[in-house]
Amino acid sequence: MRLRLLTVLAVCFTLLSGCSSDTPSQIRYSMIQDLEPGLMVESKNVKLTLNPALDGGGIVLQVSEHSLREARFHRWAEPLESQLKALVNNVLAHEKFKLKGQNLEVYVSRFQGSEDGKVYVSASFSLVNANGRTVKLSNRHFVSVQPSSGYESLVATLRLGFDRICSEALTELKRR
């Protein structure tokens with residue numbers, strides 16, 4: 001009987017110790033916690049599309065010239081597409097840019113860091129009339145070096161870069 005009890009206890013201990021693994025927990029990052037709640041409302045005049053490589057939920061790192069890796073434990077708090085759309089709405093409001101019956105289509109092709117601390121943000125901004133014809137286009141790129149290491153710094157630099165290219169693109173689209 002004693003042997004059976006020890007066997008049951010050993011099996012239970014083994015099962016319980018397997019449940020308490022040292023798997024790191026996920027860390028969630030947000031770029032929009034400082035924005036007004038009204039900017040989170042879905043804007044029908046702004047359409048934002050992500051490069052599919054950026055749409056997996058994790059922060060993306062460029063590991064070589066042609067390779068990207070999505071972080072498993074460093075994730076976006078909300079879908080990246082909705083965060084970037086809110087940032088576009090924020091810049092539209094800040095720049096007092098009126099779409100006047102037109103749509104703004106944004107295609108984000110790069111939004112990633114790299115293992116050597118560089119940050120890359122690229123997007124195309126198109127003003128599209130009611131007939132679906134592109135009337136103005138602005139392609140913008142941002143490359144920088146993170147001021148410090150780590151994902152916090154990467155996220156802050158990505159936000160800075162996206163805000164900058166949005167502002168530059170809208171200024172360019174106003175002039176044309």
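**Note on a predicted fold**

1. The protein has 3 helices and 7 strands, taken as DSSP runs numbered from the N terminus (helices H or I, at least four residues; strands E, at least two). Along the sequence they follow the pattern α-β-β-β-β-α-β-β-β-α.

2. This is a predicted model, in which local features need pLDDT of at least 70 and side-chain atom pairs count only at pLDDT 80 or more, while totals for chains, interfaces and linings use all residues. Residues are numbered from 1 along each chain as its sequence is written, and side-chain values use heavy atoms, without hydrogens and water.

3. Of the 176 residues, 39% are buried (under 20% relative accessible area, 1.4 Å probe, protein chains only). Among contacts (heavy atoms within 4.5 Å) with a separation of 6 or more, 66% link residues 24 or more positions apart.

4. The largest nonpolar core has 43 residues; such a core is a set of buried Ala, Val, Leu, Ile, Met, Phe, Trp, Tyr and Cys residues joined through side-chain atoms within 4.5 Å. Elements giving two or more residues to this core include α2 (80-95), β5 (103-114) and α3 (151-175). The largest share, 10 residues, comes from α3.

5. L84 is among the residues with the most contacts inside the core, together with L104, V108, F111 and F162. Leaving aside residues up to four places away in sequence, L84 touches M31, L48, L50, V108, F111 and F162.

6. Strands count as paired if DSSP finds at least two bridges between them. β1 (residues 27-29) and β4 run parallel, joined by 3 bridges, with Y29 opposite W76 in β4. β3 and β4 run antiparallel, joined by 5 bridges, with L61 opposite R69 in β4; a hairpin of 2 residues connects β3 to β4.

Definitions and conventions: Buried < 20%, exposed > 50% of the residue type's maximum accessible area, 1.4 Å probe, protein only.
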